[in-house]
6 protein chains.
Amino acid sequence: MKNLTHVDNDGKANMVDVSGKTPNMRTAKAFGEVFVSGELFEKIKNNKIEKGDVLTTAKIAGIQGGKKTSELIPLCHNIFISKLDINLTLNEKNKSVEIVSYAKTNSVTGIEMEALTAVAIAALTVYDMCKAVDKSIRISNIKLLSKTGGKSRDYTLEK
Amino acid sequence: MKNLTHVDNDGKANMVDVSGKTPNMRTAKAFGEVFVSGELFEKIKNNKIEKGDVLTTAKIAGIQGGKKTSELIPLCHNIFISKLDINLTLNEKNKSVEIVSYAKTNSVTGIEMEALTAVAIAALTVYDMCKAVDKSIRISNIKLLSKTGGKSRDYTLEK
Amino acid sequence: MKNLTHVDNDGKANMVDVSGKTPNMRTAKAFGEVFVSGELFEKIKNNKIEKGDVLTTAKIAGIQGGKKTSELIPLCHNIFISKLDINLTLNEKNKSVEIVSYAKTNSVTGIEMEALTAVAIAALTVYDMCKAVDKSIRISNIKLLSKTGGKSRDYTLEK
Amino acid sequence: MKNLTHVDNDGKANMVDVSGKTPNMRTAKAFGEVFVSGELFEKIKNNKIEKGDVLTTAKIAGIQGGKKTSELIPLCHNIFISKLDINLTLNEKNKSVEIVSYAKTNSVTGIEMEALTAVAIAALTVYDMCKAVDKSIRISNIKLLSKTGGKSRDYTLEK
Amino acid sequence: MKNLTHVDNDGKANMVDVSGKTPNMRTAKAFGEVFVSGELFEKIKNNKIEKGDVLTTAKIAGIQGGKKTSELIPLCHNIFISKLDINLTLNEKNKSVEIVSYAKTNSVTGIEMEALTAVAIAALTVYDMCKAVDKSIRISNIKLLSKTGGKSRDYTLEK
Amino acid sequence: MKNLTHVDNDGKANMVDVSGKTPNMRTAKAFGEVFVSGELFEKIKNNKIEKGDVLTTAKIAGIQGGKKTSELIPLCHNIFISKLDINLTLNEKNKSVEIVSYAKTNSVTGIEMEALTAVAIAALTVYDMCKAVDKSIRISNIKLLSKTGGKSRDYTLEK
């Protein structure tokens, strides 16, 4: 009997019921960075990676990945995405590719996961484009920078 | 004419030709961690997250996400995955969820991206399950721990 | 000429035009059951299946499968799903896993197929988790228990 | 500490490691049936369902659904499918649509889930095509008829 | 530095922000044709292609493909599709299969790409069904016939 | 009874059984072109399309689309793709974007559909990127240039 209870209580996974909520404009901004070796950083900067243009490929992959969020994250809702943008910039000092995404929806639930997933897929794509050069690439600091809209208060990450 | 050249030279993206390679056993082990607040850590540990069982949901999402790698990463090959496992453990000291994935293939190209993608999707799922409690969750240190098989030397991340 | 006519008349497949309909709250509840051997039933109940936790894996697979309904069923609309839940319980007397799903949408067309697809994918996942133990598993009685909302009358299955 | 253990032991889900297995020819045959009202049965038989040709649409949906098995069932391997066929026939006596699928692969693991998933998606498509006429449709007896190939013995369902 | 600039300026890809737009009824009609040999034309007309019923399979594939538009075209929005129909007819004089699609949405952005993608996937399916007979099949004149709704003027292709 | 026969004979769709075939190296080269207005041609050439870099976005979309072939075309097999490349060049004289794809597999069945699908998705992406400027864009001449490998003779399109 203990096991049956276990199944009901512990193995739970519930999609939040958003049916009573009113659609409003919601935004989310997310961040992530990909740390690379000095040698690899120069190659990305000079667009000398054999597999192709790292930042453009990662940008497009990130947008497409963000649109797949509800397919990838089990309890995410399949909301309409009004906008999803990604910018990748090179941080010379840290030898990193910095990724910022910005997502918008006019929906009943927020768009944080879409922004975060877009960053993660863009970062993984940077890894894939460059792994022949450097296997010690590290993806870090994927986090929500801010969100607006929705019932819960607007949020901005403290520095 | 400059622009045409630009298009050919810079906007490139090439899938590596693996047709001449011999299949052999290849493995990859990847890592990532999700840093949470002390309060959230206790809730995960005690399985008190309202949305459901965080670690199990993340594990299954990670396996399914890893199987989608060639769909998510533009230049990845659609290799056969012989095994893909994910383990999530709670690191009490760091207040983090540590994720380790292990992937195996008998194929002509390696399985690093599958291992890394599985970790990233599992980490994003942890975020999604817990974001109602803590929005400052941070996903970090997604990296390859080791790989074996293939033409290039076996690789183990230096500590 | 006969064949041309054939093509127009018999080989038809039309997506219903829902553009003139008003969105309203719609729900659907579906059912299905998986009949197993006595030996397998005990293993599921005691969580002794080597491949993993049957009921939790099936639950998550069912939710994810339900979200894929419009991709799987050719003439289904890609509606927004407000909620999709699945519960699996063990029926000791029948030696079966009973699956009930509940889906909700605020949309112009109903959500019966999402509820039914979720049940079917959860049931198939039970099969997959357990097939090493028992190949004679049988999935039966997938049916709509009730629906509400929409132009057609609310529906409850007669016992 | 109890909870940590719980997470490791109960929330498990492992993809079977098939890397050491030798590919050989494997087949699977699956069955399912869709029970409908007498009125609906006549409409299907006379191809008078407004939404379109029920059996052809279901057949194509089933083939496409079977190809999605590894995406739908969390722990399934993404094997190469050599053949996947579905036949739907009308059983006048039972007022049912009988579905038989047949799948083949030359791979390291079996193809039962592909055959079963194809049947389930075809059956759900029959439901979708006909639900405007009859909501009490019932999908039953989805089961494996036989399998050949692989390390475990060939299997044929006893009548 | 030139390269960094390049990355920012040229490698751009932006999803249009549709968050401020008001939903209204939008339609799109698209066209395409598949030119085949005289011998193949007769086989399609008489439904004698071994692989199956060409026009029905292509119709269903086209509808399903159109529903995948936002997954296939990087900067497309995942709009709700109210209706998506495809008709294939045989043009005896031109020895071609003519494909017309019609799509409808009540959304903030138009549905041209869904109509065009549906035509393209239906045309590719005709190719696939018939390629054993004739490899010189040619898909041509995929174009928008008309669109209505939205901020920009209604559009009808000039003959 | 006529209708039953109809269903069996006409509504057929069979995946070719490739289980007895021996894997060998197969290639396919496909072509397509997108005709645009003179004004639009200049904008593409000078990379002045507001939505982003047309040719690079189309190239990446084409590669990703080609990898989805077995999901889009109902009776295609899910073969392993060893290589899939796409090149887009501007034809000044014809005011067109010319697309050539090249695909390779070491498999039991050919890779023509992957090459053709990649071209079609790249062409549709060109349309999407540019449709705000010119709605009369036309996609034409999607065809197989050549194929090698497999049981049937190598094929080269006659000029």
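The predicted model scores ipTM 0.94 and pTM 0.95. For chain A the mean pLDDT is 91, with 93% of the residues of that chain at 70 or more.

Between chains A and B, 41 residues of chain B are in contact with 41 residues of chain A. On the side of chain B that touches chain A, at least two residues each are supplied by helix H3 (54–66), helix H5 (112–130) and strand E4 (138–148) of chain B, and the largest share, 10 residues, is that of H5(B). By residue class, this side of chain B comprises 19 nonpolar, 12 polar and 10 charged residues. Strand E4 of chain A, which spans residues 138–148, is joined to E4(B) by two bridges, the two strands running antiparallel. Within this pairing, A:Ile142 is placed opposite B:Ile139 of E4(B).

The arrangement of the two chains was examined by superposition. Chain B is superposed on chain A by a rotation of 180° with 0.0 Å of shift along the rotation axis, at an RMSD of 0.0 Å, and this relation is therefore that of a two-fold axis. The same surface serves both copies, in that 100% of the contact residues of chain B recur in chain A. Among the residues of chain B, the closest approach to the rotation axis is that of B:Ser140, whose C-alpha lies at 1.9 Å.

In soluble globular proteins, nonpolar side chains tend to be buried together. In the present model the largest nonpolar core has 286 residues, and the residues with the most contacts inside this core are A:Ala122, B:Ala122, C:Ala122, D:Ala122, E:Ala122 and F:Ala122. When residues up to four places away in sequence are not counted, E:Ala122 touches E:Ala58, E:Lys59, E:Ala61, E:Gly62, E:Ile86, E:Leu88 and E:Ile99.

An exposed position is found in chain F, where F:Glu39 counts as exposed because it has 10 C-beta neighbours inside 10 Å. This residue, F:Glu39, belongs to helix H2 of chain F, formed by residues 38–45. F:Glu39 and F:Ser107 are 68 residues apart along the chain, and their C-alpha atoms are separated by 44 Å.

Notes:
Residues are numbered from 1 along each chain as its sequence is written. Chains are lettered from A and ligands numbered from 1 in the order in which they are written. This is a predicted model: local features need pLDDT of at least 70, side-chain atom pairs count only at pLDDT 80 or more; totals for chains, interfaces and linings use all residues. Two residues are in contact if their C-beta atoms, placed from the backbone, lie within 7 Å. Helices (H or I, at least four residues) and strands (E, at least two) are DSSP runs, numbered from the N terminus. Ala, Val, Leu, Ile, Met, Phe, Trp, Tyr, Cys and Pro count as nonpolar, Asp, Glu, Lys and Arg as charged, and the others, Gly among them, as polar. Two strands pair if DSSP finds at least two bridges between them. Copies are superposed by least squares on the C-alpha atoms of residues with pLDDT of at least 70 in both. pLDDT is the predictor's confidence in each residue, from 0 to 100. A nonpolar core is a set of buried Ala, Val, Leu, Ile, Met, Phe, Trp, Tyr and Cys residues joined through C-beta atoms within 7 Å. A residue is buried if 20 or more other C-beta atoms lie within 10 Å of its own, exposed if 12 or fewer, and partly exposed in between; C-beta atoms are placed from the backbone.
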